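Let us read a protein model together, one feature at a time. Keep the picture in view as we go.

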Amino acid sequence: IRIVLRGLRAVSDFEYEFMMATMNRQLAKDIETVFMMTGETHFYVSSKLVREVAQLGGDVQALVPPPVFEALAKLFPTR
């Protein structure tokens, strides 16, 4: 792997991702990291938040791809 693609939701994500990219470059000079910003419709979505909403019985179908929704439905069946 020579290119690592990382998604950024908010400015706060950049600091951590930048540190990781810098370390990757230190370990392997030929690794390039590319950052992409998410669209404004999903910038607030995090796996932790989605998991918590699903666990509490909330509908997360519009927030995740169908295979992820199916896996969450199996983990946290609605009552």
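Q: What is the radius of gyration taken over, and what is the globule rule?
A: The radius of gyration is taken over C-alpha atoms. The globule rule is 2.2 Å times the number of residues to the power 0.38. This is a predicted model. A compact globule of 79 residues would have a radius of gyration near 12 Å, whereas this protein has 16 Å. Its C-alpha atoms fill a box of roughly 50 × 25 × 15 Å along the principal axes.

Q: In what order do the elements run from the N terminus on?
A: The order is β-α-β-α-α. That gives three helices and two strands.

Q: What share of the 79 residues counts as buried?
A: Buried means under 20% relative accessible area. Here 15% of the residues count as buried.

Q: How many salt bridges does the structure hold?
A: Start with the general idea. Side chains of opposite charge can pair when their charged atoms come close. This structure holds three salt bridges. One of them joins Arg-6 and Glu-17, with the closest N and O atoms 2.7 Å apart.

Q: Why does the pair of Arg-6 and Glu-17 tie parts together?
A: Arg-6 lies in strand S1 and Glu-17 in helix H1, so the pair links parts that are eleven residues apart in sequence. Glu-17 is buried, at 8% relative accessible area. Arg-6 is partly exposed, at 31%.

Q: Which residue forms a salt bridge with Arg-25?
A: Glu-32 does, and the closest N and O atoms are 2.8 Å apart. Arg-25 is partly exposed at 36% relative accessibility. Glu-32 is partly exposed at 40%.

Key
Residues are numbered from 1 along each chain as its sequence is written. This is a predicted model: local features need pLDDT of at least 70, side-chain atom pairs count only at pLDDT 80 or more; totals for chains, interfaces and linings use all residues. Side-chain values use heavy atoms; hydrogens and water are left out. Helices (H or I, at least four residues) and strands (E, at least two) are DSSP runs, numbered from the N terminus. Buried means under 20% relative accessible area, exposed over 50%, partly exposed in between (1.4 Å probe, protein chains only). A salt bridge is a side-chain nitrogen of Lys or Arg within 4 Å of a carboxyl oxygen of Asp or Glu.
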